[in-house]
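Hello,

I am passing a structure on to you, and below it you will find some notes on what turned up. Please have a look at it alongside the text.

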Amino acid sequence: MESVKVVIVGGGAAGLGAAKTLGPDVNYLLIEAQDYIGGRIRTVDAAPDAVVDLGAQYIHGKTNNRVFEICKQLDCIMTLSSVNNEETIAIRSDRTRLNPEIVDKVQTVWEEFAKEAQSKFGDITIPTDNSFYDYLIENFKPLFLSALPSCEHLLDEFIDYFDKTESIENGCSSLVKLSLAEYGSYEYLEGLAEYELKNGGYRPFISYLKSFIPEDNRIRLNSEVVRVKYLHDTHQLQVDTRNHNIKSEHEQETSTIVCDHIVWTSSLGYLKENFSSIFADEIELIEQKQDAINRLGFDTINKTVLIYEKRFWPDAVGKIMLLDRQKQKSIEFSDSLKTLIKIEQIDERVVNTIIEAVHRYDELRSTNVPILICWFGGSAAVLIEDINENIIGQICHEVLCYYLNLSSKLNKLNRVLKSEWHKNRFIRGSYSYYSIKSSGKAGQQLRTAYEPDGIPRILFAGEATHENGYSTVHGAFESGIREGNRLLSILNE
């Protein structure tokens, strides 16, 4: 039977942060269920000279942000001069393009509205089940009409747009599920809300963290922890794992490791599905955390990456907003796309749901290869996972060409990539949020260590455990450092 001092479960930013903090002198083993290190950081080669992050893509803020500091040291953050001149255009389904001044004013109104919503944090008069969506419907309209009295005809279209974008920002399938009372608990660090990375994405960051792991045998890939049991007689933990890197589907290679401590860093989505079975022997632990795990929010956000032969959208435009709540009634697909949809027997209602969800295209500015990213939230984010990526890409492409009034045939789509975070059974979604069923108490319960003998034996990290940086890479990374330091203080006693 194998024995180590510490087992780190999960090789994402939190697990790597814990490993770096523990250092080479602590006898630890990092166990990762997938076949790569990075977790929800997933960087892939999209084309020659073009790299895309299918998961985490931005750095949020710079002040007191360890991820920003490391990436700055690695020189992998894009300079502000290379991204500041990009414009945002908004187009309605009748193909009219809004005056840029209107778009700028609306963005300013939204920022003001969001700050007002954030200020409700700590207000004990707000019922815990009040949603952000309720607040949006009741309070955005007067701000909008005060700033743009002549644009009332655009109000519903912008509410629909911000409904979709804010859901994606917060990782929730619907703003109806997002807690107003906890909306302001997220801390926006000073600096830009989103720093973009150079071509290479988060790959240099992950490579940097991996370099602190002294030997390859400290990492075990394709290995899932299936059971954890506290051994009272020895004050140790028994960790049963299943190896997925096997030749035959019928083989089930299992092994057991004994350790003194565990740093658990898996996603909240994985815990929602597996917590009670993995820790079935630890009734006290289940009672301590199961309610918090159930109440905290964790849904799916996905992206479709469109890689083109040549750029055809307007020069100097970095973001394209599509406005209209009924866009599927306006768009006529090409015969070839209709045929593909028919062959694959994709339900018309599913297609319409996907079309409705298409609301924004972001240009990937880190490469000279023309690439657009189309974001999906809500039910469409899950639906696209079971549809061929070329069909999803063609839908996104033809919707864009319709709005731009350009030929979808003349502007060739070279390749399509899409993320599938819900289908990934070791992740089961994208990032956490405070739902109307949860509060700060749930987050505190999630990050509380399990101490069956008065000593922290199982420590919990991951972005969902961060007090005010949940949903971010820096939140995940800092949570790993937090638990690594807590463990060092125990080991050094």
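A search of the whole structure finds 28 salt bridges, a salt bridge being a side-chain nitrogen of Lys or Arg within 4 Å of a carboxyl oxygen of Asp or Glu. This is a predicted model, in which local features need pLDDT of at least 70 and side-chain atom pairs count only at pLDDT 80 or more, while totals for chains, interfaces and linings use all residues. Residues are numbered from 1 along each chain as its sequence is written, and side-chain values use heavy atoms, with hydrogens and water left out.

One of the salt bridges joins Glu 157 and Arg 92, at 2.6 Å from N to O. This pair links distant parts of the chain, 65 residues apart: Glu 157 belongs to helix H5 (residues 155–170) and Arg 92 to strand S7 (residues 87–92). Helices (H or I, at least four residues) and strands (E, at least two) are DSSP runs, numbered from the N terminus.

Next, the domains. Domain 1 covers 2–41 + 200–299 + 427–492, and domain 2 covers 99–190; these bounds come from an automatic or database domain assignment. Their centres, taken over C-alpha atoms, are 34 Å apart. Where they meet, 17 residues of domain 1 are in contact with 20 residues of domain 2, contact meaning heavy atoms within 4.5 Å.

How much area is buried between domain 1 and domain 2? The figure is about 1,400 Å², with carbon and sulfur atoms giving 50% of it; buried area is the accessible area (1.4 Å probe) that two parts lose on being put together, summed over both. Tyr 433, Ile 436 and Asn 468 supply 42% of what domain 1 buries against domain 2, more than any other three residues.

Between the two domains the count is one salt bridge. Lys 177 forms a salt bridge with Asp 299, and their closest N and O atoms lie 3.0 Å apart. On the side of domain 1 that touches domain 2, strand S20 (residues 431–433) gives the most, with three residues.

Finally, there is an open sheet of four strands in the order S1-S12-S11-S10, with mixed pairing. Two strands pair if DSSP finds at least two bridges between them. At the edges are strand S1 (2–3) and strand S10 (223–231), each pairing on one side only. S10 runs antiparallel to strand S11 (residues 236–243) over eight bridges, and Leu 231 stands opposite Gln 236 in S11.
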